[in-house]
Amino acid sequence: MKALYRPTWANINLEAIGYNINQIRKRIPAKTGIMAVVKADGYGHGAVEVGRKALASGAEWLAVALLEEALSLRKAGINAPILVFGWVSPEDVHIAAQEQVTLTFFQKEWLEAVNKQELDKPLQVHMKWDTGMGRVGIRSADELDAIVEVLRQSPKVSLTGIYTHFATADEADLTLFNEQQERFQTLKSMFEFMWPDRVNYHTGNSAAASRFPDHMYDYIRFGIAMYGLYPSAVTKKEHPIDLKPALSLHSRLTHVKEVYKGATISYGATYHANSTEWVGTIPIGYADGWIRKLQGVEVLVEGKRMPVVGRICMDRTMIKLDQSYPIGTRVTLIGCQGEDEVTADDIAEKLDTINYEVACMISERVPRLYGVDF
Ligand code: PMH
């Protein structure tokens, strides 16, 4: 059986993942380790493949959002330490303990509930501090006091790390970023007074790690930049490290026709040919995450830009061609062709969103190919 029958696929260049990790490795202090963030199936790149490559390239930890994601990494045979960012029900923590998956906690009540569970092995946890992101985490000295009190009476729980997350590390205005760093430092000093054992601290995402490498602690949590995308326009302009995008998205022409003035294309007949023109059809649509808002965006055919015309359908997209091309001609929707490139940032701009969302929105129906082409 062929791996795929439909010529639509994403190429994942694992060498680019290795390159991007090397770039950040050179920038951060030697004492700072790398936690590769592979949640959401490695930002749509494939968590197992990216995770393995990241570990082979010097990352020491993997991080995911869900326990499910951690378990699928374990199932694939990955034995490296894994941190889950999200909340896991106390009823389920025995699975994390069994699989040696580190969980995040930020509630005293959660710890109390965990203490009532039967655990064969100790549960490793990292404590989350909310220094300004406003998502999850403890925020005050009083909360810290109370949680440490319960932690002292939690024999099955082993605290190995503490972290926070920045809300604006990728922006030009660093007011909140600096405030968050100060709050973290204040809580850290208090905590060290209360807790005798050494724990690991980590704060920095891609933006913070690449822009302010000397402010990192024991680990960085390296996400978007590992995939070769800059966290924001500000960081792209500053270019603190060089990055290579790992993902490209391709399809092939499955139909080519000449249409005459007045011909209409696709649902709603929103596109009318102005004259005789060539139109190609590619087998990708909104069910692949190639959403209807992308009508009008340009794709590459033989290194030239061609616009998407008419509405994008569930499984098909039409493009206006400058001439006839053979069936099977490659169409690049994200990535390089010839001298030109359509970037995830171009797509994000068209959709009024961020490149993170573009990477994540390419649906599971699109096969990810590693080191092979189609
Ligand atoms: N650490 C935490 C806790 C995160 O939630 C994320 C990304 C990262 C690190 C990595 O950030 P980076 O990709 O900018 O390097 N989390 C998300 C999010 O929840 N929405 O967008 C990115």
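Modeller: Happy to! Let's start with S206: an N or O atom in the side chain of S206 is 2.5 Å from an oxygen atom of the ligand. This is a predicted model, where local features need pLDDT of at least 70, side-chain atom pairs count only at pLDDT 80 or more, and totals for chains, interfaces and linings use all residues. Residues are numbered from 1 along each chain as its sequence is written, and side-chain values use heavy atoms, with hydrogens and water left out.

Y356 also reaches the ligand, with a polar side-chain atom 2.6 Å from an oxygen atom of the ligand. On its own, the ligand has 490 Å² of accessible area, and the protein covers 82% of that (areas come from the Shrake-Rupley method with a 1.4 Å probe; for residues, only the protein chains shown count as cover).

Around the ligand you will find K39, Y43, F85, R135, H165, N205, S206, R221, G223, I224 and Y356, where a neighbour has a heavy atom within 4 Å of the ligand. This shell splits into 4 nonpolar, 4 polar and 3 charged residues. Here Ala, Val, Leu, Ile, Met, Phe, Trp, Tyr, Cys and Pro count as nonpolar, Asp, Glu, Lys and Arg as charged, and the others, Gly among them, as polar.

Where does the ligand sit? The ligand is in the largest pocket, that is, more than half of its atoms lie within 2 Å of the pocket's grid points. On a 1 Å grid over the protein atoms alone, a pocket is an open set of points with protein on both sides within 12 Å along at least five of seven lines.

Finally, step back to the protein around that pocket. The C-alpha atoms of the protein fill a box of roughly 80 × 45 × 35 Å along the principal axes. The protein has 12 helices and 20 strands, taken as DSSP runs (helices H or I, at least four residues; strands E, at least two) and numbered from the N terminus. Of its 374 residues, 53% count as buried, meaning under 20% relative accessible area (1.4 Å probe, protein chains only).

Conventions:
Polar contact = N/O pair within 3.5 Å; in protein donor to acceptor, adjacent residues only side chain to side chain. 1 Å grid on protein atoms, 1.4 Å probe; cavity = no way out; pocket = protein on both sides within 12 Å on 5 of 7 lines; lining within 4 Å. Buried < 20%, exposed > 50% of the residue type's maximum accessible area, 1.4 Å probe, protein only.
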